[in-house]
Amino acid sequence: MRLGVLDVGSNTVHLLVVDAHGGARPLPAYSHKAELKLAELLDTEGAITRAGVDRLVATVREALQVAEDMGVEDLLPFATSAVREASNDGEVLARVADETGVHLRVLSGPDEARLTFLAARRWFGWSSGRLLVLDIGGGSLEIACGHDEEADAAVSLPLGAGRLTAAWLPGDPPDPDDVRALRRHVRAEIARVVGTFSRLGAPDHVVATSKTFKQLARLGGAARSAEGLYVQRELSRTSLEEWVPRLATMTAARRAELPGVSEGRAHQLLAGALVAEAAMDLFGTERVEICPWALREGVILRRLDLLRPA
């Protein structure tokens, strides 16, 4: 079966087309991305602006056409924190459905964390033992931990790199006082949930997903994406502690010149680095391994599980 996953995220609208069947890993066939930055298209009341909704409708319509052109048999459309937390989420979903025929499923924060955890578990397998998974998106930070395919604990915090940049770091480069204030805020938010995971016991393997972690790992010397999925990539806390103060003094344009950093995400890399550093520090982990699979793959795997005969 050719499946399409349409992910309406805080930064991008991403259509991933895969060839898949039960019992086998999904094989990527095509990827189509549009940078929308919904998390930054909000008015003072927290609603996605009319212009933002117009752009979202046009982007979904374009992705739907690509899916049809690629022969997608089953489209799995979903939205995450940018739509979930918008004060006009119902209006946004209704307009998308009315004008494109696509009914977006809004994932809760814990659902995001659990599906990302499922993807990481399938990637690393049972030999990874108790797994702790960290994912930094544009709108939220997801944390999940467990021994099995279903996480024993899963939480979502409003600590996405795009959200934090827009709310806390208006300068370019940012004001040092703003950076310190954001650092305090991030650590206080993560500290509130650490006990939930500590009670489960120490993880055997800590992994991270998302573009933010991949870019930070690349800064620390990890292999380029061109070298393939199966190259082991890690990010150390020592590397983060070295890079955070350097990123804090750079403009977005200067960050975009760094290896592995895309121009579209350069402005929010510092906020993401502060979240990553705080999470690794508060969870007491010296390094994380980067997982190539994340939420989209988790959605695909869950769909295949439902299709598999009993």
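Trainee: Why is Ser 210 called buried?

Mentor: Ser 210 has 12% relative accessibility. Buried means under 20% relative accessible area, with over 50% being exposed and anything in between partly exposed (1.4 Å probe, protein chains only). So Ser 210 counts as buried. Bear in mind that this is a predicted model, where local features need pLDDT of at least 70 and side-chain atom pairs count only at pLDDT 80 or more, while totals for chains, interfaces and linings use all residues. Residues are numbered from 1 along each chain as its sequence is written, and side-chain values use heavy atoms, with hydrogens and water left out.

Trainee: What is the phi of Ser 210, and what kind of value is that?

Mentor: Phi is near 100 degrees there, a positive value in a residue other than glycine. Ser 210 lies in the loop between β9 (205-209) and α7 (211-219); helices (H or I, at least four residues) and strands (E, at least two) are DSSP runs, numbered from the N terminus.

Trainee: What makes the peptide bond from Asp 172 to Pro 173 cis or trans?

Mentor: Its omega is near 0 degrees, and the bond is cis. Pro 173 lies in the loop between α5 (161-168) and α6 (176-198).

Trainee: What makes a set of residues a nonpolar core?

Mentor: They must be buried Ala, Val, Leu, Ile, Met, Phe, Trp, Tyr and Cys residues joined through side-chain atoms within 4.5 Å. The largest such core here has 50 residues, and Leu 216 is among those touching the most other members. Helix α10 (residues 269-282) gives the largest share, ten residues.
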